[in-house]
Amino acid sequence: MIVMKTIGSILVITSSAGIGFFFSSEMKSRIEDLKELRKLIVLLRGDIRYANTPLPEAIHSIARRHDGAFKQFFHFIYEKLSELSGETFSQVWKEAVEKELCNTSLLKKDKLDLIQFGENLGYLDKEMQMNTLDLYISQIEDEIEDLSKNVKEKSYLFNSLGIMAGIFITIVMI
Amino acid sequence: MNAKEELLKIFSLKLRTILGRLNISFDYLQEIRLRMNAPLLIVYENKEFFVTEDSKLVMDPARALVVNKNEIRETMEYISNYSLYAFEEEIRQGFITINGGHRIGIAGKVIMDNDSIKGMKHISFINVRLAHQVQGCADPVLPYIINKKYGEIYHTLIISPPRCGKTTLLRDLIRQLSNGSVYLKGMSVGVVDERSEIGACYMGTPQNELGIRTDILDCCPKAKGMMILIRSMSPQIIAVDEIGSQEDLEAIDYVIGCGCKLIATVHGSSIEDIKSKPVLCELVRKGLFERYIILSNIKSIGHLDEIYDSRGRRIYPFLEENKEKEDKLL
């Protein structure tokens, strides 16, 4: 009986600790994803600012050069835009955010921001593009800064909460 | 992808299907006009037709398909490749050149910034003007602009109203002079293509054949471009389209002074018409051009009407009385 209880307790504690670790690592990879996204948007801004490159072309060149989690996202947008199927740029962008970013650690809020950013792309003149891109980049930077400030404390909190919760459940069950 | 599909790509899905089903030869299609809440119109073989929803050409506007706001918006999105900002300069001038060399004229609400045009919004009128290469169309003109004695060409001005094929003629002249012909060996030609109409460069590659000895300065203002070409590419002939400003005139003086030969085009219907224009009259008065080619579309597009020499004597169609006068003089 004691053996069973011990095995049970170990299972409960490891799984709840695992949940804690999962949350803390998700938070870290969200920061990584946001940094990656910022890098790509800066590339996009450069292409538009210096070469006046149209969006599909700029997006295609990012998809070709980049090899991370966002490759498929940019590739999807390029492919879809090339079809000229009657959808507007913002519709294609939104569809790509909803379909192609499931394997990243971005939160729903990040995705909503990204969709909103897409709504203003391609619209009006170059100055407006620069403003939109700059605004979005500073938005991501703020988010990264906020997260980085608390990442140590929060990941420690998630880790210890996970273990503590496991111990607590074990005690209650025993 | 052929030229027809390439062109149709710029239209909205619905218009693309309708225009694609039209039973016409795209080689003779001149214009496609889209106006908000107005019938879809095409100019084919110099005649105007309305297009119905089931792709038939009719003369009655009531039966035609009415273009709505969404079609215009979608078409504009495809023309600009989803990126209006990339065509800021072109929009300011009122037209965009697309792959294939076709010129898209646009009109809408103009946004002003002090005294200059900043851009355009609510674009509601689109005119797609199709560019055609007619190889060999310069054949009848070529012998008249060549100075066999010196093995060079005359400074030539092509005068024609819009839609009469002056750019098409210029393009073929450039091609034949650059490649060489039975009359003259090939010469190096510099083209200043301010509106990307002559070479129709798309991402740097000319879409039209301009010959093997041709250098193209794409999207460059004419006056500046002529100077750059002379300094950088040492051309024997310089070709430009639609001259008219004071700046152009100064650059032309420079070109002629450098020993280059010049071929230019201008909007107009006759030499008298050019003489009545403020800047251009100067050109005729100075006698800078040695050949004036006048086109019209009375009989067909690009019909060669008349050719005059620098003293205003008609040399094509050649008049018998002129010949007699010349004989007497000799």
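## Domains of chain B

Domain bounds here come from an automatic or database domain assignment. For chain B, that assignment gives domain 1 (3-129) and domain 2 (142-329). Their C-alpha centres lie 30 Å apart. Where the two domains touch, domain 1 of chain B gives seven residues and domain 2 of chain B gives ten. Two residues are in contact if their C-beta atoms, placed from the backbone, lie within 7 Å. On the domain 1 side there are six polar residues, one charged and no nonpolar.

## Model and numbering

This is a predicted model: local features need pLDDT of at least 70, side-chain atom pairs count only at pLDDT 80 or more, and totals for chains, interfaces and linings use all residues. Residues are numbered from 1 along each chain as its sequence is written, while chains are lettered from A and ligands numbered from 1 in the order in which they are written.

## The sheet

Chain B has an open sheet of seven strands, in the order β5-β4-β3-β1-β9-β8-β7, with antiparallel pairing. Strands (E, at least two residues) and helices (H or I, at least four) are DSSP runs, numbered from the N terminus. Two strands pair if DSSP finds at least two bridges between them. The edge strands of chain B are β5 (57-58) and β7 (95-97).

Strands β1 (residues 29-35) and β3 (residues 41-44) of chain B are joined by four bridges. B:E31 has B:V43 in β3(B) as its bridge partner.

## Contact with chain A

Chain A brings 16 residues to the contact and chain B brings 14. Helix α3 (residues 69-79) of chain B gives the most to the chain B side, with three residues.

Terms used
Nonpolar A, V, L, I, M, F, W, Y, C, P; charged D, E, K, R; others polar.
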